[in-house]
Amino acid sequence: MARDAAPDRIAAAVGGTAISLIAIIFSSQIQVSLGYQIFTEQALAAILGCALAVIFIRKPARRAAERDTVPWYDGVFAAAALAAAVYLAILYPGLIDQFYSRRNEAFAVGLVLVPLTIEALRRTAGWGLTCIVLAFVAYALFGDAVPGKLQARAPSFFNLISYVAVDVNGTASACRRPSSARW
């Protein structure tokens with residue numbers, strides 16, 4: 001039987017406590033009382049980063065696997081997810097205000113957060129929900145190739161990742177109109 005390593009238990013407790021504190025502070029509007037205006041997306045990005053870090057620290061890549069320590073790649077995934085989410089939480093107002101001139105930053109954040117979120121989903125919910133999410137991502141990328149009424153406007157990979165990571169409207173304004181569609 002594998003023993004729980006103290007560092008991963010401590011990191012998970014710190015991450016869980018941080019999630020709870022962020023949610024309590026944001027929902028009780030303490031930041032407004034202190035004179036700070038925080039976007040909902042900033043709080044959610046911080047919560048996402050903490051949650052992803054806890055998942056990569058506590059959940060092994062294979063369900064049946066037992067582990068004595070956290071593998072190096074899970075430590076890297078946890079650190080990368082936390083860093084990208086904290087970056088997004090801190091710089092969100094500037095990224096959203098200057099989205100078109102700072103789209104490379106949004107793409108870089110999305111390139112880290114989107115795959116790590118999908119992997120964390122796989123580890124926690126299994127392949128069923130993960131396949132559904134991947135099917136929707138594939139439809140978003142290749143929906144313009146679908147004939148008939150299900151044909152969609154398909155953004156480039158760059159635009160899709162940028163908008164999924166930062167924009168609250170999703171991919172609606174990143175999509176280009178297919179030339180063969182009648183609108």
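## Contacts and overall make-up

In this predicted model, residues 24 or more positions apart account for 62% of the chain's contacts that have a separation of 6 or more. Of the 183 residues in the chain, 34% are buried.

The chain holds 7 helices and 0 strands. Its pattern along the sequence is α-α-α-α-α-α-α.

## Helices H3 and H4

Two packed helices are described by the angle between their axes and the distance between the axes. For H3 and H4, the axes come within 8 Å and cross at roughly 175°. An angle over 145 degrees counts as roughly antiparallel, so H3 is roughly antiparallel to H4.

On the H3 side, the residues that meet H4 are Glu41, Gln42, Ala45, Ala46, Gly49, Cys50, Leu52, Ala53, Phe56 and Ile57. Their partners in H4 are Asp74, Phe77, Ala78, Ala81, Leu82, Ala85, Leu88, Ala89, Ile90, Tyr92 and Pro93. By class, the contact of H3 with H4 has 17 nonpolar, 2 polar and 2 charged residues.

## Helices H5 and H6

Helix H5 covers residues 103-125 and helix H6 covers residues 127-142. Their axes come within 7 Å and cross at roughly 150°; H5 and H6 are therefore roughly antiparallel to each other.

In this contact, H5 contributes Ile118, Leu121, Arg122 and Ala125. H6 contributes Trp127, Leu129, Thr130, Val133 and Leu134. The residues of the contact of H5 with H6 divide into 7 nonpolar, 1 polar and 1 charged.

## The largest pocket

Rolling a probe the size of a water molecule over the atoms shows where empty space is left. The largest pocket has about 550 Å³ of space. It is lined by 25 residues, and the closest to its centre are Leu113, Val114, Thr117, Val164 and Ala165.

Several elements give two or more residues to this lining: helix H3 (40-58), helix H4 (72-97), H5, H6 and helix H7 (157-166). By class, the lining of the largest pocket has 22 nonpolar, 1 polar and 2 charged residues.

Ser162 is found in helix H7. With a relative accessible area of 0%, Ser162 is buried, because buried means under 20%. Leaving aside residues up to four places away in sequence, Ser162 touches Phe99, Arg103, Ala106, Phe107 and Asp167.

Asn104 has its place in helix H5. In sequence, Asn104 and Ser162 are 58 residues apart; in space, the C-alpha to C-alpha distance between Asn104 and Ser162 is 7.7 Å. Whereas Ser162 is buried, Asn104 counts as exposed, at 58% relative accessibility. The cut-off for exposed is over 50%.

## Gln29

Gln29 lies in the loop between helix H1 (6-27) and helix H2 (30-33). Although Gln29 is not a glycine, it has a positive phi of about 60°.

The relative accessible area of Gln29 is 38%. This value falls between the cut-offs for buried, under 20%, and exposed, over 50%, so Gln29 is partly exposed.

Technical notes. Residues numbered from 1 in each chain as written. Predicted model: local features only at pLDDT ≥ 70, side-chain atom pairs only at ≥ 80, totals over all residues. Heavy atoms only, no water. Axes fitted to C-alpha atoms, helices over the stretch in contact; angles between N-to-C directions. Helix = DSSP H or I, 4+ residues; strand = E, 2+ residues; numbered from the N terminus. Parallel < 35°, antiparallel > 145°, perpendicular 65-115°, else oblique. Contact = heavy atoms within 4.5 Å. Nonpolar A, V, L, I, M, F, W, Y, C, P; charged D, E, K, R; others polar. 1 Å grid on protein atoms, 1.4 Å probe; cavity = no way out; pocket = protein on both sides within 12 Å on 5 of 7 lines; lining within 4 Å. Points joined across faces, edges and corners; volume = space filled by probe spheres on them. Buried < 20%, exposed > 50% of the residue type's maximum accessible area, 1.4 Å probe, protein only.
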